[in-house]
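Please review the following briefing on helix packing, a pocket and a peptide bond.

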Amino acid sequence: MTRRRTDKLADAVGLVTLGFGVVLTVMPRRSAVALGLGDRPALARAVGMTDLVVGSGVLVGRPRWPWMAARAALNLVLTGCYAAEASRPDGNRRARAGAIAMASLTVVDATLAVALAAQRGNEE
């Protein structure tokens, strides 16, 4: 992957992360229900605040790869949260979809973190 493409992808990830961070922080109850996390506003707000920090780091942090790796790690935690919600007796379909989405995003973010680290290594 070219450096330009990697940087553009990291910028997009950072902006999307900030956007989710704002929404999850400002409207945690509504966001949690809409995203399939059930009635867990404290979780939604905590994730939102973390997204604000991580998204900012992805956009302006140098090097960028540790911030992207942190995002991948957060996605793993969220995959577990979604999986727990999906296993409840009411069978939350949004939570199942959320678990799959977060697991997929973990792979994307980890791959991008590795690409960013490799490019950084090539500069030194």
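In this predicted model, the axes of α3 and α4 come within 9 Å and cross at roughly 160°; axes are lines fitted to C-alpha atoms, for helices over the stretch in contact, with angles from 0 to 180 degrees between N-to-C directions. Local features need pLDDT of at least 70 and side-chain atom pairs count only at pLDDT 80 or more, while totals for chains, interfaces and linings use all residues. Residues are numbered from 1 along each chain as its sequence is written, and side-chain values use heavy atoms, with hydrogens and water left out.

**α3 and α4**
- Helices α3 and α4 are therefore roughly antiparallel to each other (angles over 145 degrees); helices are DSSP runs of H or I, at least four residues, numbered from the N terminus.
- The crossing of α3 and α4 is left-handed, a term for a near helix turned anticlockwise from the far one by less than a right angle.
- The contact (heavy atoms within 4.5 Å) involves L43, V47, T50, D51, V53, V54, G57 and V58 of α3, together with W67, M68, R71, L74, L78 and C81 of α4.
- By class, this contact of α3 with α4 has 10 nonpolar, two polar and two charged residues; Ala, Val, Leu, Ile, Met, Phe, Trp, Tyr, Cys and Pro count as nonpolar, Asp, Glu, Lys and Arg as charged, and the others, Gly among them, as polar.

**Loop between α3 and α4**
- P63 lies in the loop between α3 and α4, and a cis peptide bond with omega of about 0° joins R62 to P63.
- Most peptide bonds are trans.

**α1 and α3**
- The axes of α1 (residues 3-26) and α3 (residues 41-60) come within 7 Å and cross at roughly 155°.
- That makes α1 roughly antiparallel to α3.
- Helix α1 passes α3 in a left-handed crossing.

**Largest pocket**
- The largest pocket has a volume of about 330 Å³. A pocket is an open set of points on a 1 Å grid over the protein atoms alone, where a 1.4 Å probe fits, with protein on both sides within 12 Å along at least five of seven lines; the volume is the space filled by probe spheres set on the points, which are joined across faces, edges and corners.
- Of its 18 lining residues, those closest to the pocket centre are F20, D51, L78, M102 and L105; lining residues have an atom within 4 Å of a point.
- Helices α1, α3, α4 (65-86) and α5 (93-123) each supply at least two residues of the lining.

Terms used
Parallel < 35°, antiparallel > 145°, perpendicular 65-115°, else oblique.
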